[in-house]
Amino acid sequence: MRPLVVDRLRHSALLAGLALLVAVPLSIALGVLSAVHRARAIDQATSLVTLVAVSLPEFVWGTVLILALAYWWPVLPPSSMIDPRAGFGDDRPARSSCRS
């Protein structure tokens, strides 16, 4: 059982690491932008956008990001890293079904 958990944990750690690589610099940049332009339109817009972003549930963002990054701008595959036809414990990588 341990090898199955460790393998899945590797994919989860990769996802968490990539999320941190995007979220931390983006949040610092938006915070600095708002601080430099305090009480101006850019500060208000940044506050509004971040409030909306935090208020929406994760499944909504997930759907929007899949649509944006897999269909509108096909840069990522819309499926997981593991082939959905694979059995439990079978770790064949998923084929990219990203449209060209």
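This is a predicted model: local features need pLDDT of at least 70, side-chain atom pairs count only at pLDDT 80 or more; totals for chains, interfaces and linings use all residues.

Ser 79 lies in the segment that comes after helix H3 (58–72), where helices (H or I, at least four residues) and strands (E, at least two) are DSSP runs, numbered from the N terminus. At 33% relative accessibility, Ser 79 counts as partly exposed, a class that falls between buried, under 20% relative accessible area, and exposed, over 50% (1.4 Å probe, protein chains only). Although Ser 79 and Ile 66 are 13 residues apart along the chain, their C-alpha atoms are separated by 8.9 Å. Leu 65 has its place in helix H3, and with a relative accessible area of 46% it is partly exposed.

Residues are numbered from 1 along each chain as its sequence is written, and side-chain values use heavy atoms, with hydrogens and water left out. The mean pLDDT of the chain, pLDDT being the predictor's confidence in each residue, from 0 to 100, is 84, and 80% of the residues reach 70 or more. Among the elements of the chain, H2 has the highest mean pLDDT (94) and H1 the lowest (90).

The chain has 3 helices and 0 strands, so that from the N terminus on its elements run α-α-α. Two packed helices are described by the angle between their axes and the distance between the axes. For helix H1 (residues 2–36) and helix H2 (residues 41–55), the axes come within 8 Å and cross at roughly 145°; axes here are lines fitted to C-alpha atoms, for helices over the stretch in contact, and angles run from 0 to 180 degrees between N-to-C directions. On the H1 side the contact (heavy atoms within 4.5 Å) is made by Leu 30, Leu 33 and Ser 34, and on the H2 side by Ile 42, Asp 43, Thr 46 and Thr 50.

Which residues does Thr 46 touch, not counting residues up to four places away in sequence? Thr 46, whose place is in helix H2, touches Leu 30, Leu 33 and Ser 34. With 10% relative accessibility, Thr 46 counts as buried.

In the loop between H1 and H2 one finds Ala 39. Most residues other than glycine have a negative phi. Ala 39, however, has a positive phi of about 65° although it is not a glycine, and with a relative accessible area of 64% Ala 39 is exposed.

The view may now widen to the whole chain. Of its 100 residues, 10% count as buried. The accessible surface comes to about 8100 Å², of which 72% belongs to carbon and sulfur atoms, the areas being computed by the Shrake-Rupley method with a 1.4 Å probe. Among contacts between residues at least 6 apart in sequence, 27% join residues at least 24 apart.
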